[in-house]
Amino acid sequence: MCGIIGIHSKQDISKDLYYGLFSLQHRGQESCGIATMNEKIKQYKGMGLVSDVFNANTLNELQGNIGIGHVRYSTAGGSNEFNSQPLVGSFKKGKIALAHNGNLINKSILKERLEDEGLIFHTTIDSEVILYLIARYYKKNLIEAIKKAMKFIKGAYSLVIMTEDKELIAVRDPNGFRPLLLGKRDDEFIVSSENVSIDILGGDFVRDIAPGEILHIKDGKETSYFYDEKEEKSTCIFEHIYFSRNDATIDCQNVYEFRVKSGEILAKEFPCDADIVIPVPDSGWAGAIGYSNYSKIPLKEGLVKNRYVGRTFIKPTQREREIGVRLKLNPLKEVVEGKRVVLIDDSIVRGTTSKKLIDSLRKAGAKEVHLRITSPPVKYSCYFGIDTPRRRNLIASNNSIDEIKSVIKADSLAFLSIDGLKQSSIKDFKFCKACFDGNYPVDPVIL
Ligand code: AMP
């Protein structure tokens, strides 16, 4: 998962990009980068959080009127500085910078073909394949080159691209797997993965970039091109379940409302005889509000979160994840002692978080711990930008619900149904739920 942002303005926007990326930090914490330009493209990137990588000096060096930025959580390609983005390269038209959120499913074959032609890759990320394809198909018209390149790449991609021709381009794949939105602040354009960056910069949300759209911004004007209107839209439902912030609205579906509704439906589908509802902070909060609303079981803060620890799942190794859970969440003994607890989390993937939390709640004196999950069991790998590539890592892929209950030592365990997930969203909201049912909107075995 990653977060991307692009700004087109007539004034210096280096600090705006910094703040915009800061607001997208939840989408990736391994590395980040900014590329800006007035006449020439310059860039700065590094490993770590936005606030660690940039300082007043680096931002000063990055002054420019047009720019793009990226925060990264690796799904394809290792976690190292080489693979951080934006990627900057040179082609016939001059320099070009690109930032990508998503995952290509045919990267390997495309890469092999390009290597057969003699190309040398500088990174191991699929985004570089996109950059090369655009360069390869560029004759005189960049939009035509992008359209051509997009015909070859398959999978999930939201892109922001900038060239030394003072243009900013946003692209969203024909399925619309990953979000991408357009905002405006006076005559400036902001393109971002989530509306929070548009909000904090004092801009107004304009619209979602449509699946299959190329939005071109130059000289204060925007033009849309469509290169594929055939596909059925399928926004990744995990954006709503977990990734995006509560204040995000993607393809007209607000994330907070979706999560509260999921909690309510879960309480209806799987009631529980208990004394208190407690959320796994932060992503379990809205679902727990919904569960408590419907069940009338009081909502309490039973786990205290260390605000300085990032997302536990968004850590590359299992050992780091386990330490991360303990560092991040500590039970409030005074709340849980002697109580029958309904613990609400948004999902179970490997089972690391729930196992550790149930154990620590029991140690803190909880009488019973009933786990309710506001999404169905994750049984299938995601090839479209979520870090669950191996089925063997998914606890629900190899175990029944009863077996999972025993592994994590819960008194009871239940998951929201797929139908409940549909009911939680607005009418006609089309989403990819392949991680639950294995129905991939684009066949991952297309090679
Ligand atoms: P796990 O501990 O592996 O079962 O992961 C579940 C926890 O990580 C939950 O508390 C979620 O909030 C969070 N989570 C679920 N899915 C993902 C994902 N694909 N990427 C990052 N974090 C996730």
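Where is Ser-283 found? It sits in the loop between β17 (276-279) and α10 (285-295). Helices (H or I, at least four residues) and strands (E, at least two) are DSSP runs, numbered from the N terminus.

This is a predicted model, in which local features need pLDDT of at least 70 and side-chain atom pairs count only at pLDDT 80 or more, while totals for chains, interfaces and linings use all residues. Residues are numbered from 1 along each chain as its sequence is written, and side-chain values use heavy atoms, with hydrogens and water left out.

Ser-283 is buried, with a relative accessible area of 15%. Buried means under 20% relative accessible area, exposed over 50%, and partly exposed in between (1.4 Å probe, protein chains only). The side chains of Ser-283 and Asp-346 are joined by a polar contact of 2.8 Å. Such a contact is a pair of N or O atoms within 3.5 Å; within protein, one must be able to donate a hydrogen and the other to accept it, and residues adjacent in sequence count only if both atoms are side-chain atoms. Setting aside residues up to four places away in sequence, Ser-283 touches Tyr-242, Asp-345 and Asp-346. Contact here means heavy atoms within 4.5 Å.

Next, the nonpolar cores. A nonpolar core is a set of buried Ala, Val, Leu, Ile, Met, Phe, Trp, Tyr and Cys residues joined through side-chain atoms within 4.5 Å. The largest has 38 residues. Ile-237, Phe-238, Ile-241, Tyr-291, Val-342, Leu-421 and Phe-436 have the most contacts inside it. Two or more residues come from each of α8 (237-243), α9 (255-269), α10, β20 (340-345), β23 (431-432) and α17 (434-437). The largest share, five residues, is that of α8. Domain 1 (2-231) and domain 2 (254-437) both contribute, so this core lies between them. The domain bounds come from an automatic or database domain assignment. Leu-421 contacts Ile-237, Ile-241, Phe-258, Thr-374, Pro-376, Leu-416, Phe-431 and Phe-436, leaving aside its neighbours within four places in sequence. Another core, of 31 residues, lies apart from the largest one. Its members include Ile-96, Leu-110, Leu-131 and Ile-153.

Now the sheet. Seven strands form an open sheet in the order β3-β2-β4-β1-β10-β9-β11, with antiparallel pairing. Two strands pair if DSSP finds at least two bridges between them. β3 (41-47) and β11 (204-208) stand at the edges with a single partner strand each, so one side of each has no neighbour in the sheet. The twist averages 15° from one strand to the next. Strand β9 (residues 181-185) pairs with β11 over four bridges. There, Lys-184 stands opposite Asp-204.

Helix α1 lies across β1 (2-8), β2 (31-37), β4 (66-72) and β9. It runs at about 155° to β2. Axes are lines fitted to C-alpha atoms, for helices over the stretch in contact, and angles run from 0 to 180 degrees between N-to-C directions. Seven of the ten residues of α1 (residues 14-23) are buried, so the helix is largely enclosed by the rest of the structure. Among them are Asp-16, Leu-17, Tyr-18 and Leu-21.

Last, strand β12 (residues 213-218). Five of its six residues are buried. β12 runs antiparallel to strand β8 (residues 167-172), joined by five bridges. It also pairs with strand β13 (residues 221-226) in the antiparallel sense, over six bridges. His-216 is the bridge partner of Ile-169 and has Thr-223 as its bridge partner in β13. The hairpin of β12 and β13 has two residues between the strands, and Asp-219 takes a positive phi near 50° there.
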